[in-house]
Every structure is written in C-alpha cells, then in structure tokens.
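Please look over the sequence and the structure shown below before reading on. The report that follows goes through them part by part.

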Amino acid sequence: MNHTETRYLEAKRSLDDRASSRRVRDRLLAAVPTEPRVLDIGCGTGTTVPRLLEWGVDAGSYRGIDSDEGVIDFARTVRPAALRRAGRSVVDRDQGFVVGDLSVTYEVGDALATLTGANDTDLVVAQAFADLVPVAELLDRIESALAPGGLAYLPITFDGATIFQPDHPADRAVEDAYHAVIDAEPGRDVHAGRHLAEVCRRRDGDLLAIGSSDWILRPSEGEYHADEAYFLDAILEFVEDALSDRTVEGGADWLATRRRQLADGRLTYIAHQYDLLYRAPVA
C-alpha cells in the first residue's frame, strides 16, 4: 500500500469533501479570476477538476502535475468519463480534455520543478502536499510560479494529530512512533499546517484565510460511508509499517484491536489538518 495507489486516493475523496473548510473555499472563490490559469501540483487522480466545476470555475485552463504515471493515466481516463456521465460536454484532447470552457491537461512530472518553470499562474493548488516537502521551499516555488496577486490554495495540510477511538492504552506511544517515522523522512513535517501558516505570515503576501479541515471517519450503525473502510485499513497499514522497525509497548495488541474494531464497524479515525489560502504580493 502507498499514498499513490489509485483506490486509496479515490477512497479518500468523500473524506476530503467533508473536511474542506467552506470559509476558506468561499474566500478563494471570491478572489479567483473568472478564467484562471490553474496549476495543481501533486494532483493525484485529478479530483480538483470536478470540484472546480462544482464551485462554478468552468472556464480558463487547468494543468495537473503528478510524479506517478499510474495516477495520471487514471485521471486522463476516469475524469472525462465521469464528467460525461454527469452530463458535462467533454471533448478529448492530447493529455486531457476540454469541458465547457475549461481546458484540462494531466501531466507526469516533478511538482517542485514544475513550479520553478511556471510563471503568471493565477491559482496554484497543493492538496495534501505541504506536509511532504519543506514548507519554506514550497512557498518559495509557489510564489515564483504565481502572477502578481496570484493565489495558492493548500487544503488538507496535515498538522500533527492522529486519533483513533475507542481509547487504547498504547494510543500515545503508537501516535508518537508513527509521527516520528514521518518526521524522519527528508522534507516531511507532521506539523506542516501550523508551520506553513507561520511562513505565510512572514512573507510579503497575505494569508487570506485558514481553517480546520479535519478528516473525521466514523461508522454509522456499523457501516462506513462509500469506500472509507478501505481507506481506514490503508491508514492502519501505514501505522503498521511505521511500527515495524520500532519497539512500542502494546503496539501489537493496538494493531490487532484496531483491525477487529474496523471489521466490526466500531473504529473511528480523526486526522487534524488545515486549509490555507495565500495571496502573493501584488508587486
């Protein structure tokens, strides 16, 4: 299991939609141009496009970048088909499609390198991405890609809380070990949300909005919504991998208990995150 597996990315869509801060989104929509030039880094399976259309951003150009060829192939195939099923007029084109007055391309590439090579972008989207790279470097690259006064929308930015319910005696030790493994990876930061907010505040641009976007995944009458049980099983795999090289007292029982609770429809999972909206300096 990895974070670029297409079923995992699709399974979290419903969580992302529930978690998204409406206040930050509304501030974005009030500020974005009518026909924006959008660059989506770490675009995954391309879910930003249907969200933009749902929000009324249906003209301009969109360019999605991801380093994983498999998810880009998925986006090029699945997104236009889903939009057609939803009644949208879609015309296929090389590397993407046109839907209404919005031109869409999905490309394989390095996100940070793409930012460096871009310019005059009206909106950079970086969903669930800022905790994967050094936040100051990320903002440097984003500012270089934006037009004067351009916008950076950074939703679902992790910020250091991984919660499972019901309580287990090993919760704190497991969470600490899991976060330590994440932090040990070059460039990663389990407190990326708060650190990114602070970096934005120190820049010459404006942090226009910040809001909580916590994932809250809980069963209802013993059942999980959509494919969220699969997603939660993937999260437990990530934790298990993190614990594999560490000795955590009670860790084995914690994992066994959590898997039973998931199978029984009793496990709740919460991840603390932020949505941020930053505007680059006008001049």
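This is a predicted model: local features need pLDDT of at least 70, side-chain atom pairs count only at pLDDT 80 or more; totals for chains, interfaces and linings use all residues.

Residues are numbered from 1 along each chain as its sequence is written, and side-chain values use heavy atoms, with hydrogens and water left out.

**The chain as a whole**

The chain holds 11 helices and 10 strands, where helices (H or I, at least four residues) and strands (E, at least two) are DSSP runs numbered from the N terminus. The radius of gyration of the chain is 19 Å, close to the 19 Å that the globule rule gives for 283 residues, so the chain is as compact as a globular protein of that length; this radius is taken over C-alpha atoms, and the rule is 2.2 Å times the number of residues to the power 0.38. Along its principal axes the C-alpha trace spans about 55 × 45 × 30 Å. Of the 283 residues, 52% are buried, a term that stands for under 20% relative accessible area, with exposed meaning over 50% and partly exposed in between (1.4 Å probe, protein chains only).

**Helix α5**

Helix α5 covers residues 69-85, and its 17 residues should span 24 Å at 1.5 Å a residue, which agrees with the 25 Å between its end C-alpha atoms; the expected span is 1.5 Å times one less than the number of residues. At A75 the helix bends by about 25°, the bend being the angle between axes fitted to the seven residues ending there and the seven starting there. A75 is also one of the buried residues of α5, and V71, I72, R79, P80 and L83 are buried too. At the start of α5, a side-chain oxygen of D68 comes to within 3.0 Å of the backbone nitrogen of G70. Such a polar contact is a pair of N or O atoms within 3.5 Å; within protein, one must be able to donate a hydrogen and the other to accept it, and residues adjacent in sequence count only if both atoms are side-chain atoms.

**Aromatic rings**

A search of the whole structure finds nine aromatic pairs, two of which are set out in the table. Rings of Phe, Tyr and Trp (its six-membered ring) pair if their centres lie within 6.5 Å, and planes under 30 degrees apart count as stacked, over 60 as edge-to-face and the rest as tilted.

| Pair | Centre distance | Plane angle | Type |
|---|---|---|---|
| Y8 and F238 | 5.5 Å | 75° | edge-to-face |
| W55 and Y153 | 6.2 Å | 75° | edge-to-face |

**Helices α10 and α11**

E237 has its place in helix α10 and, at 25% relative accessibility, counts as partly exposed. In helix α11 (residues 251-263) lies T257, which counts as buried at 13% relative accessibility and whose side chain reaches the backbone oxygen of D253 at 2.8 Å.
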